[in-house]
Amino acid sequence: MAERLALDGGRPVRATMLPYGRQTIDQQDVDAVAAVLRGDWLTTGPHVVEFERRVAEAVGAPHAVAVSSGTAALHAALEAVGVGPGDEVIVPALTFVATANAAVFLGATPVLADVEPDTLLLDPAAVARLVTPRTKAVVPVDFAGQACDYEALRDAVGPGVAIVGDACHALGARRGGRPVGTLADLTCFSFHPVKHVTTGEGGAVTTADDALQRRVRRFRNHGIATDHRQRTLAGTWEYDMEALGFNLRLTDLQAALGTSQLRRLPQWLERRRAIAKRYDRAFAASEAFRPLANRTGDGHAHHLYVVQVDPARLRGGREAAYRALRAENIGVNVHYKPVHLHSFYQRAFGMKPGLAPVAERAGERVLSLPMFHGMTDADAEDVVGAVEKVEAALA
Ligand SMILES: *Cc1c(COP(=O)(O)O)cnc(C)c1O
């Protein structure tokens, strides 16, 4: 007899909800932010400069530009490579909407490419079929924390198309020994609280190209090439707005938090890998809950731990698993509903179901299990126990 599910009145595996992701804040983080509050620069100050240096160092990139969110990073990076009205930008169909939205902000047309079924990473063959003379950029997403095959993607698009990595899942990831942040022309990171390192809200763009980093900086600051602090230091008020830009700046409060958080990135990645290994072991033989393939070994940054629920092996499929695990106080989530199934994209771009069959099938099956560096071994055992309980009850 299978144990009675919490959904059916049984006892939940846990007494309190385990979220799918959350930040870790220690006293040093608190002190770092408090110190900025007492200083002279709350924004555009020395802590932003320091944080940029640390981000660049963490990913081995020559330049990092801090911005107000991962979405702002995507917006600024696409602007920097000249994306504008009439251009096409290829993005995966299975991603957070911000990836596609960034192209729309600039008046370009997002073109959705399908993903590979076992990794859910952008499929280079699908990308190759969608390249046209209007293709300006491709935005691969390092889904769940696994770096895409950037070499294959570069071959797929050819030399005239910019590669802007959406690495919002992949701070600290590597592929072929090279860190994410150096694999694309520009790489975008997010510091939202569920990501590896947080600044509350925040983001960064990394690049090896000096002209591109200057253009990102200008776009971050209303299209003005110098910032307030630079003018203060140079003893001048004079400035010129060279292009249209936005206020996409990160504050010094946020930057100080980010610098403090980055100290622990290596140990946090280690912890995420250990949790992923525990899950891999638990679900290797599961018929109903199938983990994504890992092609990058310890290069995987494990932002998410995604399983695909096979509806032929679990009564009610993903929706039943979602409801049952939530009732067990396991905070599962779904990443993602495919971009073209959102009403905006159907209305504004005439996108329809059928456009990306692999992404659509995955969109009905994916389930993210709790994965964050602050999880204890007991938390991970609760997740494993709850998944096994649900599989036994709904087989
Ligand atoms: C988090 C995320 C974003 C957006 O980042 P924000 O900092 O929330 O703006 C974009 N793309 C992907 C894949 C993300 O996971």
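## A tour of helix pairs, ligand site and loops

Helix 3 and helix 4 are oblique to each other. Oblique is the label left over once angles under 35 degrees are called roughly parallel, those over 145 roughly antiparallel and those from 65 to 115 roughly perpendicular. The model is predicted, so local features need pLDDT of at least 70 and side-chain atom pairs count only at pLDDT 80 or more, while totals for chains, interfaces and linings use all residues. Residue numbers run from 1 along each chain as its sequence is written, and side-chain values use heavy atoms, with hydrogens and water left out.

**Stop 1: helix 3 and helix 4**

Select residues 70–80 for helix 3 and 97–105 for helix 4. Helices here are DSSP runs (H or I, at least four residues; strands are E, at least two), numbered from the N terminus. The pair packs at about 45°, with axes 9 Å apart. Each axis is a line fitted to C-alpha atoms, for helices over the stretch in contact, and angles run from 0 to 180 degrees between N-to-C directions. Now show the side chains. T71, L74, H75 and L78 of helix 3 make the contact with A98, T99, A102, A103 and F105 of helix 4. Contact means heavy atoms within 4.5 Å. Six of these residues are nonpolar, three polar and none charged. Nonpolar covers Ala, Val, Leu, Ile, Met, Phe, Trp, Tyr, Cys and Pro; charged covers Asp, Glu, Lys and Arg; the others, Gly among them, are polar.

**Stop 2: the ligand**

Pick the ligand next. 16 residues surround it, and the closest are G70, T71, D166, S190 and K195. To be listed, a residue needs a heavy atom within 4 Å. Now look for polar contacts, which are pairs of N or O atoms within 3.5 Å. A side-chain N or O atom of D166 is 2.8 Å from a ligand nitrogen. On H169, a side-chain N or O atom is 2.9 Å from a ligand oxygen. K195 places a polar side-chain atom 3.0 Å from an oxygen of the ligand.

**Stop 3: helix 14 and its partners**

Select residues 377–394, helix 14, with 317–327, helix 11. They pack at about 130°, axes 10 Å apart. That makes the two oblique. Their crossing is right-handed. A320, A321, A324 and L325 of helix 11 meet A386, V387, V390 and L394 of helix 14. The contact has eight nonpolar residues, no polar and no charged ones.

R271, R278, Y279, A282 and F283 of helix 10 touch D377, A380, E381, V383, V384, V387 and E388 of helix 14. By class, there are seven nonpolar, no polar and five charged residues.

**Stop 4: two loops**

Go to H335 and Y336. A cis peptide bond joins H335 and Y336, with omega about 10°. Y336 sits in the loop between helix 11 and helix 12 (343–349).

Finish at T44. Its phi is near 55°, a positive value in a residue other than glycine. T44 lies in the loop between helix 1 (27–37) and helix 2 (46–59).

Technical notes
A crossing is left-handed if the near helix is turned anticlockwise from the far one by less than a right angle, and right-handed if clockwise. A polar contact is a pair of N or O atoms within 3.5 Å; within protein, one must be able to donate a hydrogen and the other to accept it, and residues adjacent in sequence count only if both atoms are side-chain atoms.
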